[in-house]
Amino acid sequence: VIFEFTLTDEANAEIQIYTSTGELIASIGNGNYSAGLHRINFDASNLANGMYNIVLSSGERKVTSFMIVNK
């Protein structure tokens, strides 16, 4: 899986992946990023089928999405 995000300014960013019950299962890409487009690879092969909540945090901002794993 490739997560893609764009930052308008240089900032710290992190992607957290949660199960549908709210359990944090992964935290990836934690670091400082320049303004622009970024891609982070994540190996989802060990995840069970289901829906996962994705939270991108950067400074005071948070963006949420979801991912469906169906093998």
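Colleague: Is S58 buried or exposed?

Modeller: This is a predicted model, where local features need pLDDT of at least 70, side-chain atom pairs count only at pLDDT 80 or more, and totals for chains, interfaces and linings use all residues. Residues are numbered from 1 along each chain as its sequence is written, and side-chain values use heavy atoms, with hydrogens and water left out. Relative accessible area under 20% counts as buried, over 50% as exposed, and in between as partly exposed (1.4 Å probe, protein chains only). S58 has 13%, so S58 is buried.

Colleague: How many aromatic pairs does the structure hold?

Modeller: Rings of Phe, Tyr and Trp (its six-membered ring) pair if their centres lie within 6.5 Å; planes under 30 degrees apart are stacked, over 60 edge-to-face, the rest tilted. By that count, the structure holds two.

Colleague: Why is the pair of F3 and F42 tilted?

Modeller: The ring centres of F3 and F42 are 6.2 Å apart. Their planes meet at 40 degrees, so the pair is tilted.

Colleague: How many residues apart in sequence are the parts that F3 and F42 tie together?

Modeller: F3 is buried, as is F42. F3 belongs to strand β1 (residues 2-7), whereas F42 lies in the loop between β4 (36-41) and β5. The parts tied together are therefore 39 residues apart.

Colleague: What is the angle between the planes of F5 and Y33?

Modeller: F5 is in strand β1 and Y33 in strand β3 (residues 24-33), 28 residues apart. Both F5 and Y33 are buried. Their pair is edge-to-face, at 5.4 Å centre to centre, with a plane angle of 85 degrees.

Colleague: Is A48 buried or partly exposed?

Modeller: A48 is in the loop between β4 and β5. Its C-alpha atom is 9.8 Å from that of T19, 29 residues away along the chain. With a relative accessible area of 49%, A48 is partly exposed.

Colleague: What is the relative accessible area of M51?

Modeller: M51 lies in strand β5. M51 is partly exposed, at 44%.

Conventions: Helix = DSSP H or I, 4+ residues; strand = E, 2+ residues; numbered from the N terminus.
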